[in-house]
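Please open the structure in a viewer and keep the selection tool at hand.

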Amino acid sequence: MLDTNDRIPQSNYDPYHDGALPNPFPGYDMLRDMGPAVWLTKYEMYALTRYSSVKQALNDDTNFVSGRGVMMNEQLNNLLVGNTLCSDGDMHTRLRKVTAAPMTPGALKSLQDEIRMESEGLVDRLLGDRGGRFDAVKDLAQYLPLKIVSNAVGLAEEGRERMLEWSEAAFNCFGPENERMLRSLPVLGEMVEYANNQAVRGKLRKGSWADAILDAADSGAVPKEAVSVLMGDYLVPSLDTTISGIVSAVWHFDRSPDQWDKLRNDNALLRNAVNEVLRLEAPLQGFGRYVANDVQMDGVTIPKDSRVICFYGAANRDPRQFENPDRFDIARHNANMHLSFGFGTHQCLGMNLARLEIVSLFTALLSRVRRFHVRNEKRLVHNLVRNYELLEVEVEFD
Amino acid sequence: MAKLTFVTALGKATTVDATAGETLMRIALDNGVTGIEAECSGSMNCGTCHVYVAPQFLDWCPPRSESEEDLLAIAASELRDNSRLSCQIVMRPEMDGMVVHLPESQF
């Protein structure tokens, strides 16, 4: 497909290039300044990088649809169509009612105490047994998602152990068809195989979230044929994203000790601080949408039957929306307007859980830790997820 | 400019200048009023911008939608007849002087 709309600028810039992914922000700045949408010649999709453009697309699920997939390649779009993420309208409402049910604030109350106690125990061990030296990825950030969330999802042990690996592979496959995507396909295949053959009655923990999908299929609340793809709503996004948020927070508090002091003096800023971290470092940098009709966007026409990529990570640093956008300011008055969880009807259904985990962990850290010092870091080069392979820290603590 | 007053559960009142066209949620946050979280940034997915609109001003507000009802039903603080999500009420000049009470907790 060619872009026939001569008012939309074109660029051969590749946001998924090895050189761009570790620090995508200069590239986002360049695309954002070019216009409300930019045709990426390499991928034949429109990049949306302005806050207003991304929000418009996310908020208009009539014209920017999810039911033909939200990934950046057709293979994955075909594979996942029909789950909550990749559906529209009444069917989406019906599916979401089931998949989001365990993640409502009320439903999460049952996990609250456990998450708080696990957070406190973990921080005590990292400071006590480890003397405050640990890897913020493996030792800190992965703990709650692996210990609590993977258990809540309800896979048998062998499945639980692979969830992290599957998640990383699956999100790589969400990107355009590049080398990283192709390399990850076989691992994703194993996840799909597992979802088909192991995520079944008797093998899932009774009463778990995944088991509840089977109940919903039995009662007719969701179509039986959707069960396998619906498992993807839990298997893919429930770990890596939260892990990314936790690690990014540690990284920023090392860089801005004044902000850590400010937060220690006023713990009430914590939820806003979490928003500010997520604004700067969107754990997932972007999802796509299929354009179902010609749509006006800030003076240009996005043509029917094209695809757009909504770059959350770019929208979140748009100076038209966020003053001094690269600055980490935990008291920023509009930090909650970030689009890292998306916006509108498809907004992240695990949002409340992710926040509960991050807030609990940092509440525990706030009571003991005076300073974070990053000693060694290695960024993960990934099509979608913003994370580190390794973030070794040393903390000063009380 | 129209004035809008937020009153905390403990009775502390803050009056701010309210820009017409903005939601009550946005006005509160932009003016440093604490007690509204709005964690979904206005997507109507979280119920953490719950407020109680002083009864004499309720008629100025559009009726609750079904989705708003659903979220208010699971909000952390007590559901009352004047419960609203502040992201769903857009400030209009006629609402000058409106008083909005904040719940004890949004979680």
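The stops that follow concern a predicted model and pass from the interface between the chains to the nonpolar cores and then to a single cysteine.

**Stop 1: the interface**

Begin by displaying chain A and chain B together. Here 16 residues of chain A are in contact with 15 residues of chain B. About 1400 Å² is buried between chain A and chain B, and carbon and sulfur atoms give 43% of this area. Next, select A:Arg271, A:His333 and A:Asn336: within chain A, these residues lose the most area to chain B, and together they account for 36% of what that side buries.

**Stop 2: salt bridges and polar contacts**

Between chain A and chain B the count is 2 salt bridges. Polar contacts between the two chains amount to 10 residue pairs, both residues being at pLDDT 80 or more. Now colour α5 (105–128) and α16 (351–368) of chain A; each supplies at least two residues of the side that touches chain B. By residue class, that side of chain A divides into 4 nonpolar, 7 polar and 5 charged residues.

**Stop 3**

In soluble globular proteins, nonpolar side chains tend to be buried together. For the largest nonpolar core of this model, which has 143 residues, select A:Leu140, A:Met231, A:Phe253, A:Phe362 and A:Leu391, the residues with the most contacts inside it. The helix α16(A) gives the most to this core, with 11 residues. Centre the view on A:Met231. Apart from neighbours within four places in sequence, A:Met231 is in contact with A:Ala195, A:Ala199, A:Leu204, A:Ala210, A:Ile213 and A:Leu214. A second, separate core has 30 residues; select B:Ala2, B:Val33, B:Val51 and B:Met95, which are included in it.

**Stop 4: B:Cys49**

Finally, select B:Cys49, in the loop between α1 (24–30) and β3 (50–53) of chain B. Is this residue, B:Cys49, buried or exposed? B:Cys49 counts as buried because its relative accessibility is 4%, and the cut-off for buried is under 20%. To end the tour, display the C-alpha atoms of B:Cys49 and B:Glu37, which are separated by 5.6 Å although the residues are 12 residues apart along the chain.

Conventions. Residues are numbered from 1 along each chain as its sequence is written. Chains are lettered from A and ligands numbered from 1 in the order in which they are written. This is a predicted model: local features need pLDDT of at least 70, side-chain atom pairs count only at pLDDT 80 or more; totals for chains, interfaces and linings use all residues. Side-chain values use heavy atoms; hydrogens and water are left out. Contact means heavy atoms within 4.5 Å. Buried area is the accessible area (1.4 Å probe) that two parts lose on being put together, summed over both. A salt bridge is a side-chain nitrogen of Lys or Arg within 4 Å of a carboxyl oxygen of Asp or Glu. A polar contact is a pair of N or O atoms within 3.5 Å; within protein, one must be able to donate a hydrogen and the other to accept it, and residues adjacent in sequence count only if both atoms are side-chain atoms. Helices (H or I, at least four residues) and strands (E, at least two) are DSSP runs, numbered from the N terminus. Ala, Val, Leu, Ile, Met, Phe, Trp, Tyr, Cys and Pro count as nonpolar, Asp, Glu, Lys and Arg as charged, and the others, Gly among them, as polar. A nonpolar core is a set of buried Ala, Val, Leu, Ile, Met, Phe, Trp, Tyr and Cys residues joined through side-chain atoms within 4.5 Å. Buried means under 20% relative accessible area, exposed over 50%, partly exposed in between (1.4 Å probe, protein chains only).
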